Amino acid sequence: LRKRHQACATAVTESLKRKDRAAAALKVAERCLQDGEKSHVFDFRTKEDRTQEAETRLQQTKAEQAAAMEDFGTCVQQAMAVNSAAQLASEALAGMLGFAD
């Protein structure tokens, strides 16, 4: 159980980091979409092209964030299941030791 708990804790930490990175990327994508309305001196793409690219990036980032949130939720559920199993095992052990006295 200890190894499973450590693996779940690591997975929760990693998925939380992915979720945070996805949230930051979403903010950047939203900002790019807003900036697409502005003219850039050295950008020879049309305003529509810039807007379309920014919207595509925003949709991809939203999908990545949703996947990261789902992964985080799954990892948290697995960690809770391991914690519950550990608690039940500890209670069972305590009960058996009570009979050993």
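**Reading burial, contacts and patches**

Modeller: This is a predicted model. Start with Ala68, which counts as buried at 7% relative accessibility.

Biologist: Why does Ala68 count as buried?

Modeller: Buried means under 20% relative accessible area. Ala68 has 7%, so the residue counts as buried.

Biologist: Where does Ala68 lie, and which residues is it in contact with, leaving aside neighbours within four places in sequence?

Modeller: Contact means heavy atoms within 4.5 Å. Ala68 lies in helix α2. With those sequence neighbours set aside, Ala68 is in contact with Ser15, Arg18, Lys19 and Ala22. There is a C-alpha separation to read too: 7.8 Å between Ala68 and Leu16, which are 52 residues apart along the chain.

Biologist: Now Lys19. Is it buried or exposed?

Modeller: Lys19 is buried, because its relative accessible area is 18% and the cut-off for buried is under 20%. Lys19 sits in helix α1, residues 2-35.

Biologist: Which residues does Lys19 contact, again leaving aside neighbours within four places in sequence?

Modeller: Lys19 is in contact with Ala68, Met69 and Phe72. Ala68 is a residue of helix α2.

Biologist: And the surface? Which residues form a nonpolar patch?

Modeller: Leu93, Met96 and Leu97 do, with about 320 Å² of accessible area together. Take Met96, placed in helix α2, residues 47-100.

Biologist: Why is Met96 called exposed?

Modeller: Exposed means over 50% relative accessible area. Met96 has 56%, so it is exposed.

Conventions. Residues numbered from 1 in each chain as written. Predicted model: local features only at pLDDT ≥ 70, side-chain atom pairs only at ≥ 80, totals over all residues. Heavy atoms only, no water. Patch = residues over 30% accessible without salt bridge, like charges linked within 9 Å, V, L, I, M, F, W, Y side chains within 5 Å. Areas by Shrake-Rupley, 256 points an atom, 1.4 Å probe, with all protein chains shown as cover. Salt bridge = Lys/Arg side-chain N within 4 Å of Asp/Glu carboxyl O. Helix = DSSP H or I, 4+ residues; strand = E, 2+ residues; numbered from the N terminus. Buried < 20%, exposed > 50% of the residue type's maximum accessible area, 1.4 Å probe, protein only.
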